[in-house]
Amino acid sequence: KKFEEKAIPLIVANRINVLIFNEGYEVNPEALAFFQSIEGKIAVISVAGVYRTGKSYLLNTILLKQKAGFAVGPTTNPKTKGIWVWGKPLILKN
């Protein structure tokens, strides 16, 4: 399988349910297919925190070693709300 170097939303808010009932999250089928295509074991690296504190920047520049990847923006509007995954497994050596 050819993996794509892009950020993929894993858990997204169902906008209608959130606006009306203040609840409702869904698993993105693209992310589910991504995980099902990975052979072998995986490890998880997570970054959490208050909005506009550099989480996406940290992942892009330190972990992915690139300037683009997880969206960043100059406003207080969230670019990566929910849970996101990177669309290409990173091969790490012990």
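Residues are numbered from 1 along each chain as its sequence is written, and side-chain values use heavy atoms, with hydrogens and water left out. Since this is a predicted model, local features need pLDDT of at least 70 and side-chain atom pairs count only at pLDDT 80 or more, while totals for chains, interfaces and linings use all residues.

I begin with confidence. pLDDT is the predictor's confidence in each residue, from 0 to 100. The chain has a mean pLDDT of 80, and 84% of its residues reach 70 or more. Which elements have the lowest and the highest mean pLDDT? Helix 1, residues 15-21, has the lowest, at 56, and helix 2 has the highest, at 92. Where pLDDT is low, the predicted coordinates should not be read in detail.

Next, the layout. Three helices and three strands make up the secondary structure; helices (H or I, at least four residues) and strands (E, at least two) are DSSP runs, numbered from the N terminus. Along the sequence, the pattern reads β-α-β-α-α-β. Contact here means heavy atoms within 4.5 Å. Among contacts between residues at least 6 apart in sequence, 45% join residues at least 24 apart.

I turn now to the interior. A residue is called buried under 20% relative accessible area, exposed over 50%, and partly exposed in between (1.4 Å probe, protein chains only). The chain has 94 residues, of which 20% count as buried. A nonpolar core is a set of buried Ala, Val, Leu, Ile, Met, Phe, Trp, Tyr and Cys residues joined through side-chain atoms within 4.5 Å. Which residues form the largest nonpolar core? The six are Ile8, Leu10, Ala31, Phe34, Ile38 and Val85. Strand 1 and helix 2 each supply at least two residues of this core. Apart from it lies another core, of five residues, including Leu59, Leu64, Phe70 and Trp86. In soluble globular proteins, nonpolar side chains tend to be buried together.

Not counting residues up to four places away in sequence, Phe34 touches Phe3, Val85, Trp86, Gly87, Lys88 and Pro89. Is Ser56 buried or exposed? Ser56 counts as buried, because its relative accessibility is 11%. Leaving aside neighbours within four places in sequence, Ser56 is in contact with Phe70, Ala71, Val72 and Thr80.

The charged side chains come next. A salt bridge is a side-chain nitrogen of Lys or Arg within 4 Å of a carboxyl oxygen of Asp or Glu. How many salt bridges does a search of the whole structure find? The search finds three.

Another salt bridge joins the side chains of Glu4 and Lys6, at 3.9 Å from N to O. Lys6 also forms a salt bridge with Glu30, the closest N and O atoms being 2.8 Å apart. The latter pair connects helix 2, where Glu30 lies, to the segment before strand 1, where Lys6 lies, across 24 residues of sequence. Through shared partners, Glu4, Lys6 and Glu30 are joined into one network.

Finally, the surface. Accessible areas come from the Shrake-Rupley method with a 1.4 Å probe; for residues, only the protein chains shown count as cover. The chain exposes about 7800 Å², with carbon and sulfur atoms supplying 58% of it. Patches are made of residues with over 30% relative accessible area and no salt bridge: like charges are joined within 9 Å, and nonpolar side chains (Val, Leu, Ile, Met, Phe, Trp, Tyr) within 5 Å. Ile45, Leu63, Leu90 and Leu92 form a nonpolar patch on the surface, with about 370 Å² of accessible area together. Ile45 sits in the loop between helix 2 and helix 3 and is exposed, with a relative accessible area of 53%.

The loop between helix 2 (29-37) and helix 3 (55-63) also holds Ala48. Ala48 is exposed as well, with a relative accessible area of 77%. From C-alpha to C-alpha, Ala48 and Ile83 are 9.6 Å apart in space, and 35 residues apart in sequence.
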